[in-house]
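Hi everyone, thanks for coming. Please have a look at the chain on the screen, and then we'll walk through it together.

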Amino acid sequence: MPVTPFHLGPAVVLKAACPRAFSLGAFAVVQAAIDVETVGRVLAGVTPLHGPLHTLAGAVLVALAAVAPSRYGLTAAYAALARRLRGDGRGERWLRAELGPVSWTAAAVGALIGGVSHVLLDALIHADVWPLAPWRQGNALWVPGAFAWTHGACAALGVAGLLAWVGRGRGSRTPSA
Ligand SMILES: [Zn+2]
């Protein structure tokens, strides 16, 4: 399957470890932006399914392009969501605090880690991802049969990270931004 949410698993662990310095939203924006390529190629019937955006160079460019839209777009979207939760009397205090403004640092760190990790994880499970193209062809990271255990590991990390993130948020007196 060319598009999966499994990249988010390790990212939730990072979010739990450094909530202020890492934007999970910016990370997710970059995941979706890079996989627009695979969706487009599937719809167009083009192979290989992974092209220039699934290289380290392409992914870093996508990440850099996503920093400002993530910072401003997510900040506005989070503010609207927080207002709505407050208005409805829903959402725990720590969760509403998590919906604070996205800093430049958090947007940049989230976007760049999102881009690089997307290519590395996809390279592990898809032979047609060429991480070092256009300078080097081929994929030295591909591990045949890694698809199932990589997804399992990412899902397990996602559950562990979510528990740690929620636990940290509920336990802190000054919720993280
Ligand atoms: Zn991908």
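So, how many helices and how many strands does the secondary structure of the chain come to? The count is six helices and zero strands, where helices (H or I, at least four residues) and strands (E, at least two) are DSSP runs numbered from the N terminus. Before we go on, this is a predicted model: local features need pLDDT of at least 70, side-chain atom pairs count only at pLDDT 80 or more, and totals for chains, interfaces and linings use all residues. Residues are numbered from 1 along each chain as its sequence is written.

Let's look at helix H1. Seven of its 10 residues (residues 8–17) are buried, so H1 is largely enclosed by the rest of the structure. Buried means that 20 or more other C-beta atoms lie within 10 Å of a residue's own, with C-beta atoms placed from the backbone; exposed means 12 or fewer, and partly exposed is in between. Among the buried ones are Leu-8, Val-12 and Leu-14. What do the buried residues of H1 pack against? They pack against helix H2 (24–44), helix H5 (104–125) and helix H6 (146–171). For the whole chain, buried residues make up 34% of the 177 residues.

Now the loops. In the loop between H5 and H6 we find Pro-134, joined to Ala-133 by a cis peptide bond with omega about 10°.

Finally, the C-alpha trace spans about 50 × 30 × 25 Å along its principal axes.

How values were computed:
Contact = placed C-beta atoms within 7 Å.
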